[in-house]
Structures are given as structure tokens and as C-alpha cells.
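Hi,

Here's the structure I promised to pass on.

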Amino acid sequence: LAESPLRTFNMSKADLFIPPIPMAKILCSSGGNFNLPMQTLSEQETFKKHKGNKHVLISTTFSLYRQNYRSFTGMKPWYDRMYNMTVVQSWDPVSYHNALLHHKTLEWGDYQSNGVVDPSLSRRSVSVGLGANNNSLKLCLASVDKFHNSSNFVFYQSQTGPSVNNSTIYRHAPMTIVQDNGSFPKSSIGWGLVPEAWHSEFTSSKFCLNIRGDSSHSHALWRSIRVGCIPVIVSNQLPVYAPMFKSTLNMSDYAVMLDEKDLLNDPRKALLKLDNMTEDEIRVKIKHLAFAQRVIFTDHPRSLFVPAFLKEAVLAPEVL
């Protein structure tokens with residue numbers, strides 16, 4: 001954003017204002033004191049003129065903008081005063097709130113927080129997904145050749161420990177395939193690998209499972225897109241809970257959406273359906289996956305991150 005030609009130093013010409021406040025760094029610092037940056041921001045003439053509107057706060061740390069954390073962070077006295085800002089997060093509390101409150105017929109699955117309509121802590125929100133530092137995983141450009149040259153059918157490595165929100169049964173369900181006596185296509189499914197093997201197996205897989213955990217979203221989706229592996233999403237709420245760059249991307253274009261119950265009832269049958277995808281269907285997924293990489297990653301050689309990010313901020317939905 002700082003290096004983009006779309007940036008202007010003329011505040012009278014700006015459509016959006018993005019204060020460079022390192023929210024996660026402050027949260028993790030000793031004391032986690034937000035008073036100085038928030039006080040400084042609130043006293044800015046532009047901020048006062050727009051009453052916080054047209055201002056974008058990047059706060060992808062999962063802890064800050066959640067009702068159950070509100071009383072435990074240094075942001076507590078500032079939430080109300082910063083309410084009109086558009087907050088960029090790993091999830092989309094405004095869309096989630098609106099959907100739960102106004103779309104009672106949606107199928108949410110048995111996620112235990114279902115039906116709890118907590119008020120959003122900001123008027124508008126944007127989801128860029130639960131990601132990580134680009135340096136943590138090499139970008140592998142998605143292509144049809146990469147897909148066909150990948151040696152693993154499915155990649156899924158998990159932990160033996162439990163997850164909250166009734167997610168453990170879903171995260172452990174694929175492990176039954178491990179005892180499949182070789183009749184399932186060669187895959188990397190298990191209880192974790194050493195880092196070198198994990199990276200090698202992950203980047204050499206056609207499909208990568210993204211199963212809900214403690215929340216509806218997980219780092220697995222970001223990682224799958226990062227390595228050019230077609231994501232298989234097992235999280236019924238995810239398209240509403242954390243739709244990455246939803247004004248530009250549609251999850252079902254670049255990923256396979258698998259109903260939670262189908263995976264739980266028969267993991268082998270559910271995943272073998274992936275093997276029935278036609279060449280044309282695969283090519284379409286790869287095409288959209290390659291485009292998603294351009295939108296999401298700043299280090300892509302043809303990155304569209306900045307215009308996509310700004311589009312999200314401008315079109316961010318409001319609390320209904």
C-alpha cells in the first residue's frame with residue numbers, strides 16, 4: 001500500500017484514509033497500550049470531519065475485534081469512538097452478524113456458536129482471510145501442469161488434540177482413510193510431519209483439505225492458495241464468516257465446497273468424488289485459483305492486491 005501509485009499525500013484528493021497503526025504489534029507488546037495511537041487518530045481534523053468514516057483500520061489479529069475479547073484488551077475504551085471505521089480483519093463480523101440476524105433459513109451446520117448474534121464492534125468490516133507472512137511459505141503459481149504433476153491426491157495433516165465448537169469430529173474424520181489398505185489414491189493424510197516433509201508433501205498435492213477448527217476459518221485456506229493446491233473447504237459457514245476479498249473473489253470458483261455432513265458420514269466416498277472431476281472442471285478451478293493468487297498475495301509477479309484491497313474497503317457492507 002505504501003509503495004502503490006494509487007497512494008496520495010494530498011488528503012483533499014483521498015477517498016480513503018489508512019492510518020499506519022500496527023494493531024497486532026501493539027496487542028502483543030508489554031501492556032498493549034492503544035491510547036497514544038488512537039488518541040492521535042481521533043484528534044486528526046480529517047478523522048473528526050468524517051467522524052471515522054472513510055478511515056480503514058488494518059487489524060487482522062483475530063483477538064481484537066471479537067465481543068468476548070472486548071473487555072480484555074487495551075482497545076476497550078476505543079471501540080465505540082472508532083466504530084465508524086472500516087476494519088480489515090481475518091473474518092467478516094458485519095456480514096456474519098447480518099446473515100445470522102436476517103437470514104434464518106441458512107444452513108449453518110452444527111457449529112456451536114450458531115444462532116449467537118453478537119453486535120459487530122465496527123460499522124463496516126472486510127475479510128482478507130486468516131493468512132500469514134509471505135516468507136513463511138513459498139508462492140507456487142497455480143497451473144494445470146502443476147496439478148497433474150503433483151504426486152499426492154489429497155493433502156491433510158492435523159493434530160490429535162481437540163478443537164472447540166464441535167469441530168474435532170470433522171478434523172479427525174479423514175484419518176479413517178489412512179487405514180484404507182491402499183485402495184485410496186496416494187495422499188498425504190496424517191497427524192503431522194516434520195517441516196521439510198510437510199512442505200514437500202503440501203506443495204506436491206492436487207487437493208488440500210481445509211476443515212473448520214476452533215473457528216470457521218483456518219490458515220489452511222491461505223496456505224492452499226499459496227502453494228497452488230485446489231482447496232477443499234469443509235466449513236459450511238466460511239463463505240459468510242470469512243469470505244476472502246469477496247467483492248472480487250468467489251470461493252466456489254477456485255475451491256471445492258464439501259458439506260460437513262458428507263465428510264463426516266463417509267470421508268472416503270466424499271473425497272473420491274474429487275477424482276471424478278472432468279478436465280474442463282479442473283481447468284476452470286485452476287484458472288480461478290491462479291487469479292486468486294494475484295488478488296491475495298503482494299509478492300505475486302502480477303499482483304492485484306492493492307486495487308482489490310481498496311475495492312473491498314470501498315464496498316464494505318454496513319451493519320443492518
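Below is what turned up when I went through it, sheet by sheet and then core by core.

One thing before you start: this is a predicted model.

**The three-strand sheet**

Three strands make an open sheet, ordered β1-β2-β3, and the pairing is parallel. At the edges you'll find β1 (56-58) and β3 (124-127), each pairing on one side only. From one strand to the next, the twist averages 25°. If you zoom in on β1 and β2 (residues 86-89), you'll see them joined in the parallel sense over three bridges, and L57 sits opposite V87 in β2. Now look for helix α14 (residues 305-315): it lies across β1, β2 and β3, and it runs at about 125° to β1.

V56 is found in strand β1. Is V56 buried or exposed? V56 counts as buried, because its relative accessibility is 0%. Skipping its neighbours within four places in sequence, V56 is in contact with L16, F17, I18, P19, M85, T86, V88, F309 and A313. The other residue is T61, which lies in the loop between β1 and β2. T61 has a relative accessible area of 18%, so it is buried too, since the cut-off for buried is under 20%. Again leaving out neighbours within four places in sequence, T61 is in contact with A24 and L27.

**The five-strand sheet**

There is also an open sheet of five strands, in the order β5-β4-β6-β7-β8, with parallel pairing. Why do β5 (188-190) and β8 (256-257) count as edges? Each has a single partner strand, so one side of each is left without a neighbour in the sheet. Strand β4 (residues 152-157) pairs with β5 in the parallel sense over three bridges, and Q157 stands opposite G190 in β5.

Helices pack here as well. Helix α7 (residues 195-203) lies across β4, β5 and β6 (205-211), at about 140° to β4. Helix α8 (residues 219-226) packs on the sheet too, touching β6 and β7 (230-234), and its direction makes about 165° with that of β6.

**Two helices meeting**

On the α8 side, W222, I225 and R226 meet L289, A292, Q293 and I296 in α13. Sorted by class, this contact has five nonpolar, one polar and one charged residues.

**The cores**

How many residues does the largest nonpolar core have? It has 59, and those with the most contacts inside it are F207, I225, F245, Y254 and I296. Helix α13 (residues 279-296) supplies the largest share of this core, six residues. A second, separate core of 17 residues includes L41, L57, W78 and M85.

Happy exploring!

Conventions
Residues are numbered from 1 along each chain as its sequence is written. This is a predicted model: local features need pLDDT of at least 70, side-chain atom pairs count only at pLDDT 80 or more; totals for chains, interfaces and linings use all residues. Side-chain values use heavy atoms; hydrogens and water are left out. A nonpolar core is a set of buried Ala, Val, Leu, Ile, Met, Phe, Trp, Tyr and Cys residues joined through side-chain atoms within 4.5 Å. Buried means under 20% relative accessible area, exposed over 50%, partly exposed in between (1.4 Å probe, protein chains only). Helices (H or I, at least four residues) and strands (E, at least two) are DSSP runs, numbered from the N terminus. Two strands pair if DSSP finds at least two bridges between them. Axes are lines fitted to C-alpha atoms, for helices over the stretch in contact, and angles run from 0 to 180 degrees between N-to-C directions. Contact means heavy atoms within 4.5 Å. Ala, Val, Leu, Ile, Met, Phe, Trp, Tyr, Cys and Pro count as nonpolar, Asp, Glu, Lys and Arg as charged, and the others, Gly among them, as polar.
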